[in-house]
Structure formats: structure tokens, C-alpha cells
Amino acid sequence: MKLKQRVVLLAILLVIFIFTKVFLIDNLDTSAANREDQRAFQRMLAGLRVALEPRLEHTLQSPWEIAAQWVVPREVYPEDTPELGAVMHAMTTKRIVKADVGYKGTQLKALLVLEGGQKVVFKPKRYARDYIVEGEPYAGYDRHNAEVAAFHLDRILGFRRAPLVVGRFVNLRTEIKPVATEQLLGTFLTVGNNTCFYGKCYYCRETEPACADGDIMEGSVTLWLPDVWPLQKHRHPWGRTYREGKLARWEYDESYCDAVKKTSPYDSGPRLLDIIDTAIFDFLIGNADRHHYESFQDDEGASMLILLDNAKSFGNPALDERSILAPLYQCCIIRVSTWNRLNYLKNGVLKSALKTAMSHDPISPVLSDPHLDALDQRLLSILATVKQCTDQFGPDVVLVEDRMTLSHL
């Protein structure tokens, strides 16, 4: 063989070797990432049951201090949370030392301060578990049990971007009224034998109060995020107009995602992938009301999209509002870790996992069976949507590797 031929042959072999090595390394990395996703999923399943008990071992810190230390730019709470039950137990049992009208918004809520200085948001029960909210997908009052279910779904999906929520029963006469501000106290009234209040908000009316069963009111409490993490509010790029006959641009422009990708903070960093994660989360719970969202201030798009205010969810189990998924099917990208987690939850695993996660909550059963069944059906719709994207563009374009290192030091 001539020298020139040998050189050409060696060059070809070198190219083949390089490509083979790169391919094998990529496959090994992907396989390692997938194995880690599987291990994370198994850890999540093993820790689903959260027994609400007061015991805090190996620490002199209060439950509020522990929860505050959990918060970092990309998580509200860590994957490994042995103290979660103790923190949630404190949320549902600690003495209420102050009660005030809720922060500004459209829906009735109360702001409570618990013993130790921890603020929580109380949302009262307005509907029975089997009540069907008719009309627009964002119709009706807030659902307190939806907040509880959404928090546990956040755990199951592995997002960890929703503040802690737990159910709580409060005695309005003995626990709230003695510590209520004049502003809140002025909204109390009696309807029949039941104590009621209507609070202060955009849609709060004296004619539409929330009423206890006698003096005992069922509700949910959401842990207030630490003040050292101030929030910044953003208009959701896929928000609705809420005006009859007027469509938002995303509702008629199929190339809308291309425009979003050119604007900050969606042109770089994790925010657009967070939007798509949130669309999946909202479609599962039936929340078509995320017109705004919050992140931490001055984050330049690096911190998470925080899953706040999930109470306009689980209204109608028969309604699958596909438009909620618009960020997914218009952008046709999804995190590999999210895609893996969704696939692990097929075949009834999602329903079973959520039912198990909520079983220890004080207001259990949190959801009716039709709502739990709807979750499994909606999951299939999400998987089918991603498949349509991969069929059109290929998995290398659609499935995006984005695993950010998280620190709790």
C-alpha cells in the first residue's frame, strides 16, 4: 500500500474513532442522566407519605427557620426533606397570633401570623369536593383543596417550586376574631348558625361570604416565603386577555414562540423551559388562570418561576383546556428530566402517587376520584403532544438537557 493511501486510511480511521468516541460519551452521559432521573423518581416515591408530627430531631431550630433555609434560587424546598412533616404540622397546629385581610388580589383570603412570627395565607373552603365549576376554565371562587393538591403534585413532578401548603381547620370565633385586625373583623357576619367573613379583595362582596360550619372553617394555609427573598411579578407571555371577543397574540399567531424567544428573559437561561414546565403543571391541575407569575427579584431570568396561587384548579374534571399547553406545542421543547418524569408517571402511577401524598393531610380526602382520574387522562394528552413535536422536529431538537446544579449550602 502506498504511503499516500496509508495516510488517507489512517485519517479515515481517526475520524471514525473520534465520532465513535463522541457518540459513546454522549450516550453514556445521557444514560447516566436517565439513571439519575430514575433514582430521583424512586426517592420521590419512597418519601411520598408525609406524617404530620411535631418531632424535629438533631436541631434546635424552629420549623420556620428550617423552612426559610431551604429556599434557594431554583427550589423552595430540597429533594431530601426529613423535616417536612414537622414544618407542615406546625403550619396546621401553631397558635394564630394575628389575623388580617389577605394581600391584594381578586379572591378572598386571610393573612395569618402563627406563633413564632411565621406568616401564612389562609384560603377558606367554598365548595364541596364533588362540586363542578361550570363556565370558563378560570371561573368560580378559589379552591382551597386545589392549593393542597397542587403542592403535592409539585413534589411528584420534582419541580419543588411551589410554597408549602397544608389543610387546616380554624375556629373563627375563638382563634380568629380575638386576634383579628379591625379591617378583617369588620367583614364578619352570621348567616343562620354559621360564622362567615368576606374579607377585602377585588371580587369580595358582603353578599358572597365564606361560611364556616358553625364556627369551624376548613381551609388551606400556604407558607409565606422568607422576606429575604422578595418577589418580582411578571406578565405571563401566554396570558389571556379575559375580554370577550379579544384574543391574545398567542391564540392566533402560530409563530408566537419565535417572538417570545427573542425577548428577555426568554432569550437565554432557564425561564422559557420553566414556562413550559408550568404549562404542563397547569394543564394537569386544570389551571387556566396564570396571567402573571412570580420570580425572585433582580434574578435576570436565572431563578425559578415560582408556582404561586394554584387555587383556580380542579374545578371541572371533565374539562381538558388544551390551550393551557400552548407554550409546549408552540415551542416544541421540553426538559429531558421533565419528559422522563412524565413517562415514569404513566399507567396510573400519577393518580396513585398523588392520592398517597395527600393521604395524611388534615382535610383528606383532598380531591374527588373524578379529579384524580382526570390527571391520568391529561398526562396522556401531554405525552401525545410531545410525541407530535418529536415526530415533526426530532427528539434532538425537542428534548432539551437542562439540569442546573442546586445548592443548599
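A search through the whole of this structure, which is a predicted model, finds four cavities of 30 Å³ or more. Rolling a probe the size of a water molecule over the atoms shows where empty space is left. The largest cavity has a volume of about 160 Å³, and 18 residues line it, with H236, W238, D282, R290 and I324 lying nearest its centre. Which element gives the most to this lining? Helix 8, which covers residues 271–285, gives the most to the lining of the largest cavity, with four residues. Sorted by class, the lining of the largest cavity holds eight nonpolar, six polar and four charged residues.

The second largest cavity has a volume of about 110 Å³. Its lining is made of 15 residues, and those closest to the centre of the second largest cavity are P137, G286, G315, N316 and L319. By class, the lining of the second largest cavity has seven nonpolar, four polar and four charged residues. Both domains take part in this lining, because at least three residues of the second largest cavity's lining come from each of domain 1 (72–223) and domain 2 (231–400).

From the cavities we can turn to a pocket. The second largest pocket holds about 960 Å³ of space. It is lined by 36 residues, of which A40, E75, E79, G158 and R160 lie nearest its centre. Helix 1 (3–46), helix 3 (84–93), helix 4 (144–157) and helix 10 (336–344) are the elements that give two or more residues to the lining of the second largest pocket. Among these, helix 1 supplies the largest share of the lining, six residues. What classes of residue make up the lining of the second largest pocket? There are 14 nonpolar, six polar and 16 charged residues in the lining of the second largest pocket. The lining of this pocket also draws at least three residues from each of domain 1 (72–223) and domain 2 (231–400).

Helix 4 is also the place of R155. With a relative accessibility of 11%, R155 counts as buried, since the cut-off for a buried residue is under 20% relative accessible area. R155 and R341 are 186 residues apart along the chain, and their C-alpha atoms are separated by 11 Å.

Another way to follow the fold is through its aromatic rings. A pair of aromatic rings is described by the distance of the centres and the angle of the planes. Rings of Phe, Tyr and Trp pair if their centres lie within 6.5 Å, and by this rule the count comes to nine aromatic pairs. In one of them, the rings of Y127 and Y141 have centres 5.8 Å apart and planes at 35°, so the pair is tilted. Y127 and Y141 both lie in the loop between strand 3 (118–124) and helix 4, so the pair ties together parts that are 14 residues apart in sequence. Y127 counts as buried, at 14% relative accessibility, whereas Y141 counts as partly exposed, at 27% relative accessibility. Y127 and Y141 also belong to one aromatic cluster, which they form with Y131.

What is the arrangement of the rings of W229 and F296? Their centres lie 4.7 Å apart and their planes stand at 45°, so this pair is tilted. W229 lies in the loop between strand 8 (216–223) and strand 9 (231–235), while F296 lies in strand 10 (residues 292–296), so the pair ties together parts that are 67 residues apart in sequence.

An unreviewed UniProt entry places the feature "domain: FAM20 C-terminal" at residues 191–397. The end C-alpha atoms of residues 191–397 lie 59 Å apart, and this span is 35% helix and 13% strand. For "binding site", UniProt, again in an unreviewed entry, lists D142 and D309. These residues span 168 residues in sequence, yet no two of their C-alpha atoms are more than 9.1 Å apart, so they gather at one spot. D142 is found in the loop between strand 3 and helix 4, and D142 is buried, with a relative accessible area of 10%.

Methods: Residues are numbered from 1 along each chain as its sequence is written. This is a predicted model: local features need pLDDT of at least 70, side-chain atom pairs count only at pLDDT 80 or more; totals for chains, interfaces and linings use all residues. Side-chain values use heavy atoms; hydrogens and water are left out. On a 1 Å grid over the protein atoms alone, a cavity is a set of points where a 1.4 Å probe fits but cannot get out, and a pocket is an open set with protein on both sides within 12 Å along at least five of seven lines; lining residues have an atom within 4 Å of a point. Grid points are joined across faces, edges and corners, and a volume is the space filled by probe spheres set on the points. Ala, Val, Leu, Ile, Met, Phe, Trp, Tyr, Cys and Pro count as nonpolar, Asp, Glu, Lys and Arg as charged, and the others, Gly among them, as polar. Domain bounds come from an automatic or database domain assignment. UniProt positions are given in the numbering used here, feature names are shortened, and annotations may be inferred rather than shown by experiment. Rings of Phe, Tyr and Trp (its six-membered ring) pair if their centres lie within 6.5 Å; planes under 30 degrees apart count as stacked, over 60 as edge-to-face and the rest as tilted. Buried means under 20% relative accessible area, exposed over 50%, partly exposed in between (1.4 Å probe, protein chains only).
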